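Good morning, and thank you for making time for this presentation.

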Amino acid sequence: MNASDAAVFARAAHDSALEHVTGRARFIDDMPELPGTLEVVLVTSPHAHADIVGIDLALARASPGVHAVLTAADIPGTNDIGPITDSEPAIACDVAEYAGAPVAAVAATTFDQAFTAAGLVKVTWSQRPALLTIDEALGHEAYTSPPQTMKRGDSGAAIAGARHRISGEVRCGGQDHFYLESHIALAVPRDNGDLDVLSSTQHPTEVQHAVAAVLGIPFSSVTVEVRRMGGGFGGKESQASIIAAIAALVAAKTGLPAKLRLRRDADMIVTGKRHDGLFRYTAGFDSRGRIEGVDIMIALKAGNVADLSSSVLTRAMCHVDNCYFLPNITVRGYPCRTNTVSNTAFRGFGGPQGMLAIETVVEHVARHLGLDVDDVRDANWYGTEDRNTTPYGQQVSHNLIGTIVTRLRSAADWEGTRRDIERFNAANRTLKKGIAMMPAKFGISFNVPRLNQAGALVHVYTDGSVHLNHGGTEMGQGLFIKVAQVVASVFGIALGDVKVSATRTDKVPNTVATAASSGSDLNGMAAFNAATTIRNRMADVAARILGATVDAIEFRHGRVYAGNESLSFARLAELSWDERVSLSATGYYATPGITWDADTMTGHPAHYYTFGAAIAVVVIDTLTGESRVLKTDILQDCGASLNPAIDIGQIEGGFVQGQGWLTSEELVWNADGHLLTHGPSTYKIPGSRDVAPDFNVHILPDMPNPVPTIYRSKAVGEPPLLLAISVWLAIRDAVARLAGYRHLPRLDAPATPEAILMAVDDILARDSCR
Amino acid sequence: MAPPLNRSGQETGVRFLLNGREHVAPSALPTMTALDYLRGEAGLRGTKEGCAEGDCGACTVVMVRHGGTRPEAINACLYTLGQLDGASLVTVEGLSGRDEAPDPVQQAMISSHASQCGFCTPGFVMALWALRQEGGAPDDDAIHEALAGNLCRCTGYRPIVEAARQACRNAPPDQEVPDRATPAPQESLTTGDALWLAPATLDGLLTLKRSHSGALLLAGGTDVGLQFSKERRHAAVTISTSHVRELRLMSETADALHIGAAVTISEALPACEEAWPALGAIMRRFGSRQIRNVATVAGNLANASPIGDLAPCLMALDAALDLAGPDGERRIPLEGFFRAYRRTALGDAEVITRIRIPRPADRSVFRAWKISKRHDQDISAVIGAFRVILRDDRIADMRIAFGGMAAVPARALETERALIDQTWSEGTLRDAGGALERDFTPIDDQRASAAYRLRVAANLLIRLYRDVAGESAVEVNQT
């Protein structure tokens, strides 16, 4: 690999850009239906926790157009789609454990027929007590998997012996993924009981397993394909299994193609979201704010089943240090079992929650001591020579946070901006501005070592065109174009000569989810290996033809050179075939050096760390609590970016998504456990006006990854989302300024106008009692 | 296939121009949404369904009304086929055919890296295409206004706004809208058991309303349309007000502005904004451009939502409604119109014909503010509207109306009483806020708590003082 390869590092457009803008990019619901295709509608539980006493399907089955009405009793295999642990039903059997749990599937010729018939399914319920909140679950010690503890040193003694102590509590809400394309699967029966399943999933292999389990057939009987998703963000990592398994069940039972597309409200009610969190902390520190000991409790709302919650919790616990050395620390993590939808992966995967907690601790320390938050940060950064080991035992090497913070503050005119804010606030009594910097370190790799593997399949055709396939899925993040750039670079051919293709479990088997920001790290390397295998074979042929040694063969600009002699790549492909040399190869990659001991919560779970920082300036209205982000400056480490245009898009999009989580996106549940915000009319993701009008995003230049990743690039999917915590911190800063920084604002996330106004009233009331 | 003929031998079925070609939808229900029709029978699947409630914009298409020239972005998920009768519709497929060069908007989206997953993209393209047809180079505020009805979850919008700037820079209105004559709207359409009636005159409307009691009266349909798109219910008889000549009129007299009941919010906006800038600001935040291009002022009143944006504003402005029915016409003040949650004083056979807003009196000041989780395209937690007449630092008259504080939009009479004849000072307004608890007992819901609603309503009185007193920045969007 060398940096002079043409295709990588280029600002290539998304491979589907033209198809997107012309509306020709086909999503699953856009495919022409095969004759007889059935539409499926789910019947779901209206109760958060209730026994199914009886189900009467007669009316629904007799309804016009209906082909099948299926319940858990119709499942021939195992009614279990749990990604980590068992007993997570695709269709509720005997008991429904959240409002929205599927209890029956109605299949009819048209959607409207299925929709009408679904209303005719009569379920007799017997309600049971429900646990709906983190606090209730903690009180009942109800967990979806065992609580976890991460420990280093003696935090109790360190806190007791410290000169200063604080304790406190903060909460954050969950977040709906709100991918624009809601969940969908289309199952098509094939010969011998086999099935093809088109699924909007980040994890085709898991969908394959879930479908096979539910139908009781071998994995080899199920082929899952996904060309593109209309957004994923983690929401289609495990959740797609439910949808695909039910569509497949209908297809298997009826012998007809079956499509299950959740309409928006059903999608938001039936499928999981980001985990809400409750954090309690006690910290001891010296007069400079250096933390000597800290205890942190992280309680996440897992929902009714485990799903991925244990892993989300682990990642939250592994990111509670953020960029700070915490010599004595105890982190206790609780995956709280509640009778709500099972929360799941969402960009950051617990990391944002953990970092929001420690940033609150740091701010609390600063307020307690009357210090600047950033001076407290300075007192606690990870060191380079010492103080550089995480609570879980991995050394923080190649730490870039100091460089990034220094450069960002300078680029954003940190000092000048702070002076401007002080002037503005002195001159305005209604509106107040705030500013905050958010540093972030994010560990790249799945914590579970076995998940860090990938496969690819590359064919070179005799006209020189190249077909690329790998286990990663395209959800908009630009993975396909990045991997295509890698392959084009290996062969020295134009990017347009590499055909990207739909992810399929029969082309590249046994894949892992496209998740954890690892898509291009894993699949880029696997595709590199596949392409390199073919290139080496072709180089042998070229060496013979051109009368040169293999070492002298170069692939560039669509030609193959030995000194001044050359032939076209296409010609060489043809000659290779003539010589009976295989032009197809698989490639495989396993990330080296990943270890994790789940019992002691120690190991080396990150192949490397990425670093980034953001500065946000906000204004709040002290009369209404309305807020607005005025300015954002971001500097993000991407190593040697494979595609700066794509990476900038990930940074901007991730940041705005995080901003939504922390400001306008509020999931509201009523006392019966019903989600009240189940559509865009009530659940408010950011709109174009909510983005800072002054939005400056930069990639840290000239900083290739010291770890040998694909072309020394770094992952980028999740880290920028964490940087949006700067917005929340800036709002807290604006509130804290109202009382001269004498108190820590009581402001949870999301910082809605209501939350901000209450925090404003609270801090002014506390200050007047002083 | 030749469309079927009805009993009088006429063609039946909705007729419109689809991407410049005459199109007949012979067998589709008139209350089927345009989106279902496009993606279904018409086989045009570039237009996406993201929410089916008019809030995400993935289904954005562009329409030119019959006899109109203005291309208007609309949500295909809420617009019905019946409403399309006689109109011209452009979908993303109409911008560039296969193998043709992309449209300038599409090209700008590509070069700005403005699509990631691509699902929202056709909707953005169409919203921008409509913006570009307006000509000129819109500033960022205008771009945000045009895009407020489109959600993107991937990009963070920066590249889309950049594409908008690029595409609209020096863009002349380039007559890309098919200007072929659209078919004449039909006054009656039947499909199966469903009857669609689109009278051309007020007399016709009243006659039909009498002869079809129980018929669904449809104006813009951005609220009623939810029953077609999400609840999948269809009315047996629908009477559309869209083509009623008298209801499409706006008139300005020396003492009042009159808005016909079929006038859309977009159409009413310029005149309203000129007379009452604060009303204009509220109207610019009403739904989205796609919604405002279809929704009517009268519809927002007739649906009697407690959280409709226009009712409190118009109530504070002392607006009245002209109603017409079998017994003739009558005028009632707007504040007497709302009887209970979602119930009005409108008789069964009556229709709203127009809204009358009296011109501002000398020295009167009007302000209105909407509080919501998101600035654009959100439903208010609280909306407060205030009309003040000051004389020598005294409050000579004060009308206050709120939405989101009760089961109906309502005046704050106790608060008004506490203010009238008092000295105009921040202290007066602050103290009067306490009276709001006597006026209103709001509820907790997904938009806000009762406590917040009362608190923020009281604080809007303080904002009113500070704003009228000329303090420079009293709203976050002024910074």
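I shall go through the two chains, then the contact between them, and then some selected details. Please keep in mind throughout that this is a predicted model.

Let me start with chain A. Its secondary structure amounts to 20 helices and 29 strands. Along the principal axes, the C-alpha atoms of chain A occupy a box of roughly 85 × 75 × 50 Å. If we take the contacts in chain A with a separation of 6 or more, 80% of them are between residues 24 or more positions apart.

I turn now to chain B. Here we find 17 helices and 20 strands. The box filled by the C-alpha atoms of chain B, again along the principal axes, is roughly 75 × 60 × 40 Å. A compact globule of 479 residues would have a radius of gyration near 23 Å, and chain B, with 23 Å, agrees. In chain B, 58% of the 479 residues count as buried. Among its contacts between residues at least 6 apart in sequence, 66% join residues at least 24 apart.

How do the two chains meet? In the contact between them, 67 residues of chain B touch 68 residues of chain A. On the side of chain B that touches chain A, at least two residues each come from α3, α4, α5 (140-147), α6 (158-168) and α17 (450-468). Which helix gives the most to that side of chain B? The helix in question is α17(B), with seven residues. By class, this side of chain B consists of 30 nonpolar, 20 polar and 17 charged residues.

Two of the helices just named also pack against each other. In general, two packed helices are described by the angle between their axes and the distance between the axes. In chain B, the axes of helix α3 (residues 104-111) and helix α4 (residues 121-133) come within 9 Å and cross at roughly 125 degrees. The helices α3(B) and α4(B) are therefore oblique to each other. The crossing of α3(B) with α4(B) is right-handed. From α3(B), the residues V105(B), Q106(B) and M109(B) meet T121(B), V125(B), L128(B), W129(B) and R132(B) of α4(B). The residues of this contact divide into five nonpolar, two polar and one charged.

Let us return to chain A and consider helix α9 (residues 309-318). Is this helix enclosed or exposed? Because 10 of the 10 residues of α9(A) are buried, the helix is largely enclosed by the rest of the structure. The buried residues include S309(A), L313(A), R315(A) and C318(A). The elements of chain A against which the buried residues of α9(A) pack are β7 (148-152), β14 (291-303), β15 (329-337), α10 (351-369) and β16 (431-444).

Why does A488(A) count as buried? The reason is that A488(A) has 26 C-beta neighbours inside 10 Å, where 20 or more are required. Leaving aside neighbours within four places in sequence, A488(A) is in contact with A7(A), I493(A), A494(A), L495(A), D497(A) and V498(A).

That concludes my presentation, and I thank you for your attention.

Conventions. Residues numbered from 1 in each chain as written. Chains lettered and ligands numbered in written order. Predicted model: local features only at pLDDT ≥ 70, side-chain atom pairs only at ≥ 80, totals over all residues. Axes fitted to C-alpha atoms, helices over the stretch in contact; angles between N-to-C directions. Helix = DSSP H or I, 4+ residues; strand = E, 2+ residues; numbered from the N terminus. Parallel < 35°, antiparallel > 145°, perpendicular 65-115°, else oblique. Left-handed = near helix turned anticlockwise from the far one by under 90°. Contact = placed C-beta atoms within 7 Å. Nonpolar A, V, L, I, M, F, W, Y, C, P; charged D, E, K, R; others polar. Buried ≥ 20, exposed ≤ 12 C-beta atoms within 10 Å, placed from the backbone. Rg over C-alpha atoms; globule rule 2.2 N^0.38 Å.
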